Amino acid sequence: MRKKILAANWKMNLTHIEAESYMHTFLGEIGEVDDVEIVMIPPFTSIPVLAQISEKAPFIRIGAQNMHWERSGAYTGEISATMLRVLFVKYVVIGHSERRMLFGETDETVNRKVHSALEAGLRPIVCVETVLRRQLELGLKDLSVKDAVEIVIAYEPVWAIGTGRTATPAQAEEAHRFIRSVLSKMFGTGPAERVRIQYGGSVKPENAQELLRQSDIDGALIGGASLDPHSFAKIIRHAEAVLH
Ligand code: PGA
């Protein structure tokens with residue numbers, strides 16, 4: 001059984017002060033959750049505050065939105081995997097379509113980052129959107145089977161991101177099956193069955209349950225709707241409802 005993984009990608013939103021009050025509201029609404037995995041992915045500046053909060057709510061995992069592939073060095077403005085790891089970050093988003101489109105991220109840089117993240121003990125959430133087979137084959141190139149099962153894939157059709165338009169559950173399920181078939185060729189069927197594949201793109205309380213009911217949709221990467229603690233809490237409730 002793949003545990004559903006619901007991740008809040010705040011993108012460049014919320015100060016660390018706002019993050020603190022968000023978490024107060026959010027935790028108050030969800031109580032303790034252990035049947036689905038929750039990952040908060042704030043901007044770097046809010047990671048320490050979230051790390052502190054998660055000491056009291058250990059079921060909350062923390063993710064980062066990006067990282068550099070080198071361990072350290074003269075890379076002004078960059079953050080390394082180790083820097084994230086020591087802040088108790090567990091996941092890192094790699095190759096989000098906004099980074100590919102606006103910041104020149106390529107399949108090659110994605111691949112370097114994936115290797116470097118795993119080496120540092122972080123679990124990559126690798127985003128793919130259009131040319132799925134190529135993005136998977138190049139982005140996950142030279143990974144061992146042991147590493148491959150640590151990865152989460154986020155399927156995010158670009159036309160659905162921030163637009164209010166969502167893939168239908170059937171469309172999303174079909175893409176997820178295709179992704180699993182590519183993973184299966186790369187790493188074998190058993191390992192491919194263990195990899196969690198999230199759907200992303202205008203997920204909100206109104207459509208979450210239907211999407212999460214699909215057998216190959218193992219979670220969601222949520223942007224806009226995750227900025228409101230009430231709406232993210234509702235999505236968590238829907239994810240739990242799918243299990244019962
Ligand atoms: P959205 O963003 O939910 O606002 O569409 C999803 C994402 O880009 O991760």
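Entry 1: Helices here are DSSP runs of H or I with at least four residues, numbered from the N terminus. I noted that the model is predicted: local features need pLDDT of at least 70, side-chain atom pairs count only at pLDDT 80 or more, and totals for chains, interfaces and linings use all residues. Residues are numbered from 1 along each chain as its sequence is written, and side-chain values use heavy atoms, with hydrogens and water left out.

I then took the geometry. Helix α1 covers residues 16–30 and helix α2 residues 47–56; their axes come within 9 Å and cross at roughly 25 degrees. Axes are lines fitted to C-alpha atoms over the stretch in contact, with angles from 0 to 180 degrees between N-to-C directions. The two helices are therefore roughly parallel (angles under 35 degrees). From α1, H16, E20, M23 and L27 make the contact, and from α2, V49, L50 and I53 (heavy atoms within 4.5 Å). I sorted these residues by class: 5 nonpolar, 1 polar and 1 charged. Ala, Val, Leu, Ile, Met, Phe, Trp, Tyr, Cys and Pro count as nonpolar, Asp, Glu, Lys and Arg as charged, and the others, Gly among them, as polar.

**Entry 2: α1 with α11.** I checked helix α11, residues 229–243: its axis and that of α1 come within 9 Å and cross at roughly 30 degrees. So α1 and α11 are roughly parallel. Their crossing is right-handed. On α1 I listed Y22, T25, F26, E29 and I30; on α11, P229, H230, F232, A233, I236 and R237. The classes are 7 nonpolar, 2 polar and 2 charged.

**Entry 3: α6 with α8.** Helix α6 (residues 132–139) and helix α8 (residues 169–187) have axes that come within 10 Å and cross at roughly 35 degrees. I found this crossing right-handed. L132, R133, L136 and E137 of α6 touch A175, F178, I179, V182, L183 and M186 of α8. By class I have 8 nonpolar, no polar and 2 charged residues.

**Entry 4: the ligand.** One is 2.6 Å from a polar backbone atom of G162. For S202, the distance to a polar backbone atom is 2.7 Å.

Conventions
Angles under 35 degrees count as roughly parallel, over 145 as roughly antiparallel, 65 to 115 as roughly perpendicular and the rest as oblique. A polar contact is a pair of N or O atoms within 3.5 Å; within protein, one must be able to donate a hydrogen and the other to accept it, and residues adjacent in sequence count only if both atoms are side-chain atoms. A crossing is left-handed if the near helix is turned anticlockwise from the far one by less than a right angle, and right-handed if clockwise.
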